[in-house]
Amino acid sequence: MPRLRKAVPGVDAKLLIKDAARLMPDPARRAFLRGAASLGALAFLTGCDIVDSLSAENALRKISHFNDGVQALLFNPNKLAPTYPESAVTKPFPFNGYYPEDEAPEVDGETYRFEVGGLVENKKSWTLDELRALPQERQITRLICVEGWSAIGDWTGVRLSEFLKRVGADTRAKYVWFQCAEGYSNTIDMPTALHPQTQMTLKFANEVLPRKYGFPMKIRMPTKLGFKNPKYVIAMQVTNKDLGGYWEDRGYNWFSGL
Ligand SMILES: Nc1nc2c(c(=O)[nH]1)N[C@H]1C(S)=C(S)[C@@H](COP(=O)(O)O)O[C@H]1N2
Ligand SMILES: [Mo]
């Protein structure tokens, strides 16, 4: 997606940046003003291409919904996203998809096979029980959707970096691509795939991951916006080719880091 380089009709860039900074919580505001305070950076943060006053408004609206300084991560990819106590979990945790909840895919856990391909030594496919037998970790983190809501969730599963090690993935490759049961897909960069909080999630609130949140497996990454967190994941490829994704192909900001 082309980033903004020149003046935008109807948008006073300086004012817009000032407004955006005012809406940001610290430490993100300080980091933003210190370094990348530009329309390009604002577009990058919000996933909005700023092409007119309407999209500028939209970018401001999104910034105003960013909470807790998680987006400061953008300025330091090695940083951990904030974690929360169990009491902070949002109830009910929202469902989101490009279709209503009752149309969410119903994957059969018995016949489920997670297909692993691309630049890996071991291209075997994994049953749900095999994934459950791997070391599990729990994280209570915030999911932020570009549509302007965020919620704190409680996810348990396998660290993706641990899984990549087990399947002998070439971690010098650029990307990891995920395919979902209903046709959704996603590409993430390798540093995000290897981030310690990027998880192959099998449980929500200590229960088997419900259908609405992506049964049998979703990829959870608190350092990326919600749409970069694929649910109903059935296949993965380690690749040097950017294979895109559902929203990425429709113009969303590719990186969408927080
Ligand atoms: N397979 C699949 N994964 C998906 C989506 C989807 O429509 N299909 N929507 C994405 C978006 S935009 C968001 S905000 C989160 C929502 O996750 P939740 O339903 O657990 O809140 O899932 C992401 N992953
Ligand atoms: Mo989203």
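Strands E1 and E10 run parallel and are joined by four bridges. Strands here are DSSP runs of E with at least two residues, helices are runs of H or I with at least four, and both are numbered from the N terminus. This is a predicted model, in which local features need pLDDT of at least 70, side-chain atom pairs count only at pLDDT 80 or more, and totals for chains, interfaces and linings use all residues. Residues are numbered from 1 along each chain as its sequence is written, and side-chain values use heavy atoms, with hydrogens and water left out.

**Sheet**
- Val116 has Met236 in E10 as its bridge partner.
- Five strands form an open sheet in the order E2-E1-E10-E5-E6, with mixed pairing (two strands pair if DSSP finds at least two bridges between them).
- Strand E2 (125–126) and strand E6 (185–189) stand at the edges with a single partner strand each, so one side of each has no neighbour in the sheet.

**Nonpolar cores**
- The largest nonpolar core has 40 residues (a set of buried Ala, Val, Leu, Ile, Met, Phe, Trp, Tyr and Cys residues joined through side-chain atoms within 4.5 Å; buried means under 20% relative accessible area, exposed over 50%, partly exposed in between, with a 1.4 Å probe and protein chains only).
- Elements giving two or more residues to this core include strand E1 (114–118), helix H6 (160–166) and strand E10 (233–239).
- A second, separate core of 18 residues includes Leu16, Phe32, Ile50 and Leu60.

**Arg29**
- Arg29 lies in helix H2 (residues 28–34) and is partly exposed, with a relative accessible area of 27%.
- Beyond neighbours within four places in sequence, Arg29 contacts Ala21, Arg22 and Met24 (contact means heavy atoms within 4.5 Å).

How values were computed:
Chains lettered and ligands numbered in written order.
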